[in-house]
Every structure is written in structure tokens, then in C-alpha cells.
Amino acid sequence: MINFSQINLVWLPVLPLVVIATAAMVVLLVGVRVDDEESDGLGWLALASIVIALVLALGIFGQSGIAFAGAIAIDSFSAFFELSILIAAALTVLMSLDYADEHRLPGAEYYSLLLFSVLGMMLMATASDLIVIFIGLETMSLAVYVLAGLLRRDPRSSEAAIKYFLLGAFSTGFLLYGIALIYGATGTIKLVAIHAALTGPLLSNPLLLLGLGLMLIGFGFKVAAVPFHMWTPDVYEGAPTPITAFMAVGVKIAAFAGFLRVFMVQLGPASAAWTDVMWAISALTMTVGNMLAIVQSNIKRMLAYSAIAHAGYILVALTAGGPQAGGAILYYLLGYAFTNLGAFAVVVALERRGAAGDQIADYRGLATRQPLMAAAMAIFLLSLLGIPPLVGFVGKFYLFNAAVHRGFVGLVVIGVLNSAASAYYYLSVVVAMYMQEGGFLEETRRSRPALVAAIAIALIGTVLIGIYPEPYFTAAGNAYQSAMSPEEVHAATAMAP
Amino acid sequence: MLTAIIFLPLLGALLIMMQSDERTVWNAAFVFSLVPLGLSFYMLWQFRAGEAGYQFVEQYPWIPSLGISYHLGVDGISLFLVVLTTLLITISLFYSAGGDIEERAREFCFFVLVLETGLLGALLAVDLFLFYVFWEVMLIPMYFLIGIWGHGERIYAALKFVVFTMVGSLLMLVAILCLVFSARQHLEHITFDLPMLYQVPLSTTEARWLFAAFALAFAIKVPMWPVHTWLPDAHTNAPTAGSVILAGIMLKMGTYGFLRFAIPLFPEVAVEAIPLFMALAVIGIIYGALVAMMQPDLKRLVAYSSVSHLGFVMLGIFAFNIQGIDGAVYQMLNHGISTGGLFLLVGMIYLRRHTREISEFGGLWKSVPIYAGIFMVVMLSSIGLPGLNGFVGEFLIMLGTFLRLKLAAVFAVTGVILGALYMLWTYERVQFGPITKAVNETIADLNGREIASMVPLIALMLLMGFFPRPLISRIEPSAARLLERVNVAEARLDERRHRAALAATAPRGLDSRILKVAAAK
């Protein structure tokens, strides 16, 4: 017997989700009647829906509440993540317009799958019970599995899809099993209820601990933390480049949204159980990611390992915990979206059909042939490296600052040494572009305006959010606190400066 | 005012990127370096001598949620370094336009001007976060200058430079964060403002670790022996203007960092570390001089002489008396002027002969007399001949060192002698004797632009050699204020040591009463 009065159906806050879902289906339906060569219109349609959703998501800021019988959380936390995801999606669509043309991708499938995965991501960001998180994760993942294999004539793409699918399905199994065990231990799947239940003897309940461990593995796979990162380089290399970018940014943001809400916000009381493990995973992720990035000669693989390393930096703050760390992670992900998508957009611009142009050696002499493109790439790479005043630096600064304030100095030292080591591989691309001659990308294809726009937007974000971080950082901090219970916010603000 | 000095070069850099004509680019870059030079002279003129605190202060909130503000100021320690920076940048650009840089002039000017912004910002920032931002900003343009316009192993040298500096500065970043965290606990609010952070009481262990991190970052930049290995590579392979800026200004960032941050933030640890730093400085002085003597390459020789000269500066700083610190700041300026001059001269001869091997030269006095004459003045200034600027700084440093630790002064004096030896010997091999290589007979003497680049430096050498007073009187109040902090710390440290010694020697049972009496005294 369902008591309908408990299910308060608030439509406005979920409107962004509705818009994206509708658009995905419309694109698919309209797409049946559109040739593959003329997929641009579908792309613009997708972009329009994303922009509408973006505007609607802005409206959620500052609201608080729970809808759909506790399944959906309406708070600034969701809004901030939705915003980051939608920005990532918009930039991905902008760079796809060029790429889909060049590689003759089937537009209907491509854009509708992209929108479906965005839907899954947004669902993960707004979910407030474990099952909805799972549904979001699956919606996102299934769409991305297919997208990774969309270059049907390229065996690397098929390999990527199969690998991603098998390992992804495997990891989802872990997550689901973890959810089941936690349900067994606490008797609920609602995050808030779990949070309230985590007291006293339950904290050392083996069922709960096992469940936590399994969920950690599940999320670890999705954010590509070491030792659950094996799939990343192959998948990133084989997938169509805009999809690689989308995986490196969108999937990561969404996975961290779930990770953050489950572990930092709601399982905070049980942090003693997972802090040490997380410490080790974080240190490993940074170190392995950076070390392996150094030896890469393919730029997509290099960026894949760099993405692993960046997940490691974020995990530093996740290990530390606390509202300051939460705000720092939100800010970092926003900045990371602009910077990393920008770098990938440049890769898309230079890539040719048949996978030519994705070696770092191909970037030789780019600064003399295409000075603006080279300058943009240099700025994105320097931001990833963490050079002030770019957003990559400020984000890292916030992450490490939060960790130091919680006493994790050792982990931060590992983090900064890794940052210094990363100079080697980020600068190797800069070296190729500015300090070496040759490279075989002699014929210059004019980049389409959409792609140039994507790079320009990413560039503006990278510079602007870095130079004047205050409003974004404040918004991120408030967003994080909006996900916490009122008592906790009170306790935290009493402690904070 | 200070904002204008810092950001005009950046504005110029951005405007230049929209120009395509090479001539316009050089002229515009020159103008955009000239305006900050003029402003810095105006600042010098307006600076109130005899005051220790910051002047021309600007402060606006930047990231209030973390207590970070855009806080600038200039005092006696940074005042002349600012002028030196604007001057050397202007000279570098002026000289480079004369044919030293032929490719990608626009990018070259862009990076030099961005570098100027970074350098000036780091000198004028009074907020730790702001300082760190500028400190890192100056790294990248220098990386490009070495990597694109350098010679030989330029890419390796550039990367080594970046990685060395980054390791040091990132560990310093962690130390900054730890310091701010302690500040938050003691001051009850979070701040990155330097004067506020001076007030934070730290435990001894904490202070030692933090000092170690700061000192490492700055020691790499100075560079002190044994973390100097990036310097010869970077210098030798950099273009002339790069070497001038690197030696003339960037190395001073290390010593300046000690004076502004490492020492006043952790005065007690700094006092404890006197023997260590004096030893490292003396090793650097003698090692640098010996290695310089053995170099077959002129530029490498000058590079190693920098290791030796910066050793003197460190010695003066860690003497912790007014002579030592005055001398150290003075010597920082001297080194910028004379070594900057030497690098320019080496660049000029390289442009003519495309070699820097000392054995390739000989008898240049006959074919290029103006060059040889200017070289002599600059060399004598570097040696520290009385009447030229180098003497004043070296003398003050030796005096200060002697007052602090006689043994260090004794060893350092051998460095002075060795310095004279290798410079004079080099001069003899390059300029005197018969012309052994036929090509050397026909090389052209300095042209107008080259002479004009050297004239301001020579003038300063004479001026600062004969009239040190106007400079010292502006440096001294700030140096004295720094010293005040150090002396208080030293007294505290002595007292603690004294008590510890008493506790160790006093018989058990009696000690508590004796300690109380001792403490009362």
C-alpha cells in the first residue's frame, strides 16, 4: 500500500533531467530520418537541450529538500554537479560536431547516447538513495560503453568498448553487492537514514565494513583509481576522442558526485573505517598515474594517465574529509572540466581520420604552424601541471590546503612531489610544440567554428576561474554544505574560520 | 603605483602579440619595459629614507574566504632590487633587438615581459599566496626563453631548471599551508598576510620543518652548494638575455626569499642554522671559484663565478649583523650589475665568433679595444676592486662575517683571492698576448647599440663604488628591523640553551630550585 502523500512530486527541480531525457529520445526519433553525413542538426538540437537544462539547473541553487520519496535530493550540491556535467557535455557536443563529420559517425545514435549518459550522470548527482545512484551509474555506463565502440572500422575502438564493458560490468557488480550488504547492515537504502543509523556498535559491524569496501571498489573503478585503473589507457586510446574527453571529465565528475555524497557526506561517521585505505589508494593513484604518464608517446594515453593522477589529487581531499575538502573537490572538478576538455578539444582539432596525429611527436613545430592552437594547448597543459594563476593551480591549492588543515601533511607532500614529476610529461608536449621542428601534420585543416568555440570557452574558464576563484569557491563550499544535515553544518561552521 | 609597475609589462606583452611587424614589436617591447623603469625611478625618488616599514602599500581583498589579499609594498630590501629588475630587463630587450635574437622576436619579447611581471610581483608581494603565484609565474617564461632561444642542450637544461625549482617551491607551498594552518589556530582566523604570519608562535619542531622547506626552495634558487647543479646548464645554454636576467635578477629571488620569508618567519631556527649555512656558503664560495677557474668555456666560467658570489651574499645574510645584511643586499645589486654585464659581453663575442672557448681567443685587446676596455671595468667590478661597486659589498660582508664567525671569514677570504685569480687569468688569456687565431684580427668592435647597453651598467658600477651612502641609508632601516627579530630570537635561544645546560649539570634534587634562580636572572 503506497501512501501517496509521502511521495511529494516536485517537478521543477527535476526539470533539467526531464529536458535531457526528452531531448535524447527526440534526437533518436528524428535521427532515423537523417543521413549520417548530415548529423550537424542533431548535434545542435542536443546542444540546445543541454543549454536549456543548464539554465534550469541554475534555478535549483539555494533550494533544499527531498523529492520522490527520498530518492532525489534537491540541493545546491546537485545543482553544482549538474552544472559541471552539463558544461562538460556542452563542450563535448561542440567538439563532436567536427569529429562526427570527419569520422562519419552515426549522428542519431551518437548524440542520443551522449544525452542518455548525461542523464545518468545527472541522476547520480541528484540521487539520495543507493538504488537511484546505481540506476544513474548504469544509465551512464551503458551509454558510454556503446559510445566507446562507435568507430566500428577501428579495431582499437571495439577493443575499448569490450574492455570497458566487461570491466565496467564487473565493477558495477561490486557496487551492487556493496549496496546490498549495507542494506543488510542498516536496513535502509536512503542515504540520510543510513547516516542516522551509523552509531555505536553498528560502526564495527562486519557486514557494513564489507559493504563499504565493495562500494569503494565500485566507485574506484569509475573514477579510475589505482589499482582499479587498468582499463583506462586502452579505453581512452581506442574510443572516439570527444568520447574520451567526455569519459575523462563527465564520467569522472559524476562518479565523484556519487562517491562524495555516499562516502564523505553520508558515511562520514564511519570514516575511521575507510580513511587509511583511502589514504593508500590516493597515494598509489597519484604516483602510478604520474609515473606511467611519463613514458607515454601517445597523447591520448598520456592524458588518460594524467586523468588517473588527477583523480589521485582529488582523493587526497576525499581522504581528509570535512566541508573545506568537499568545497575544494567541487571547485576542482569544475576547473578540471574546462581545462581537460580544452586539452582534448585541441587533440580533436589536430587529429586526422585513421588515428594519425595522436602521437606527441606529431605536435612538433606546431607553434610555428598554428600559433594560437599551440598557445591554447600550452595553457591547458600548464593548468593541468598546476601553474598559477590558472585554475589547475588554484584547485590543487584548495585540495591540498584542506588536507593540510585536517593534518594529512604526509599525503600532501606525496601529492606535491607528484605534481613536480608531472612537469616532465606535460612539458614534453610543450617542448614538441615550441622547441622542436618537423612533425608530419603539415596539411592544415581549418578547424570548424564550433570546435574553436569549444576551445575558446575552455580557455576562458581555465583563466578566469583561476584568477578570480572566490565566487566559484564560495558556491562550491555552499553546495557541499547543502548536502550535509543542518546539525553537521552548524558543527562545521563553528570550527571553520 | 606598484600595480602599474608590475602589470604594465604584462599589458605590453599581450599587446605585442597582436603585432606582426618585427620592428614595431621590438620598439613596443622596449617602450613597455621603459615605462616601468621610469616608474621605478620615480618610486625610488619618492621613497622615504630612514623608514623601515613597507611603503606605497596597496591592499585589496582577493580570496577573502581564505584570508588572501592582493597586498603589495616595498621596503629597503626590495627597493633597489625592483629598480635593478626594471633596468636589466630594459637593457636585455634593447641589446637583444640588435641581432642577438633573430627568430620569433614577438614571442621572445612576450616571454621577457611576462617574466618581468613575475619577478616584480614576487619582489613586491606581501601576501604569501600572492608571492607564491608570482614565484611560479616567473618559472614558465624562463623555461621558454632557455628552451626556444637557447643553444646546445637547451631542452635538457630548461627541463632541469623547471624540475629543480618546482620540487623546491612545491615543498615550500606545503610549508606555507602548514604555517597558515598554525596561524589559524593561534590568530583564530585564516590569513596569508605576511606581517600577520610573523606573529605566529610555532613549536620548535614545527618551525624547523617549515624553515627546512622554505630554505630548500630558496637555496635551490640562490643556488647554494650542493643544489646548484641546474645553474651551469641553464646559464650556458640560455640566450644572452636569458642569462642576464637569470643571473642578474632571478638568483636574487633566492637570497631575497631568505631575507623576506625564511628568516623573519622562523628566526630561531635561522639562528640555530648559522653554522650549517655559513659552512655551505663557504664551500660554495671556494668550490665555485675553483670550478670556474678550470672552465674552458667563458660562459660556464661566469656561471660558476655566480655560485661563488652568491655564497658571499649568503654568508653576509647569516652573519646576522647590520654590516653583514647591508653588505648582502648591496652585493645582490652588485652581482646583478657586474655578472649581468659579463654575460652581455660574453654574448657579444659569441655573436661574432660563434664560440665561447677561451682557447679560441687571445690578443683581443688589439683588434677590439673598446670591447676589451669595457670588459676590464666589468671584470674589476666583479673582483671587487676598491672604487668600484663590488668592493663595498664584499667589504661589508667580510666585516660582518668576521664579527660573527672568524673562521668563516678566513676561508671566505681565500674565495676573494681565488676570484681575482680566475678573473685576471681569464682576462689575460682572452685579451692579451699575441693573436693566435687569424679570425680574431678581423672581428668588428662593439657597435653603438652594444656600447649603449653597457654604459648604464658601467655608470652604476662607478656610482655605487664611490657613493654607497644613499643606498645603504635606504637599505639599513629595513635590515635593522629584520635584525631586531633575529636578535630577540637569539636571546631566547641562548636563554633556553643556558637553562638546558644548567639542567644537565646541576645535581639531581637541587636542580629545580637552581633553575628557578637562573630563570629569574
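This is a predicted model: local features need pLDDT of at least 70, side-chain atom pairs count only at pLDDT 80 or more; totals for chains, interfaces and linings use all residues.

Residues are numbered from 1 along each chain as its sequence is written, chains are lettered from A and ligands numbered from 1 in the order in which they are written, and side-chain values use heavy atoms, with hydrogens and water left out.

Let me begin with the two chains. The size of an interface is often given as the accessible area lost when the parts come together. Here, chain B and chain A bury about 3,400 Å² between them, with 79% of it on carbon and sulfur atoms; this area is taken with a 1.4 Å probe and summed over both parts. The side of chain B that touches chain A draws two or more residues from each of β1 (55–63), α5 (128–137), α6 (139–149) and α7 (154–187) of chain B. Helices (H or I, at least four residues) and strands (E, at least two) are DSSP runs, numbered from the N terminus. The largest share, 15 residues, is given by α7(B). By type, this side of chain B has 28 nonpolar, 2 polar and 4 charged residues, where Ala, Val, Leu, Ile, Met, Phe, Trp, Tyr, Cys and Pro count as nonpolar, Asp, Glu, Lys and Arg as charged, and the others, Gly among them, as polar.

β1(B) also pairs within its own chain. It runs antiparallel to strand β2 (residues 68–74) of chain B, joined by 6 bridges; pairing requires at least two bridges found by DSSP. B:Tyr60 stands opposite B:Tyr70 in β2(B). The hairpin has 4 residues between its strands, and B:Gly67 takes a positive phi near 70° there.

Next, why is helix α10 (residues 230–237) of chain B described as largely enclosed? The reason is that 8 of its 8 residues are buried, meaning under 20% relative accessible area with a 1.4 Å probe, protein chains only. Among them are B:Trp230 and B:His235.

Finally, B:Thr401 lies in helix α18 (residues 389–404) of chain B. B:Thr401 counts as buried because its relative accessibility is 0%. A polar atom of its side chain lies 2.6 Å from the backbone oxygen of B:Ile397.

Note on methods: Buried area is the accessible area (1.4 Å probe) that two parts lose on being put together, summed over both. Buried means under 20% relative accessible area, exposed over 50%, partly exposed in between (1.4 Å probe, protein chains only). A polar contact is a pair of N or O atoms within 3.5 Å; within protein, one must be able to donate a hydrogen and the other to accept it, and residues adjacent in sequence count only if both atoms are side-chain atoms.
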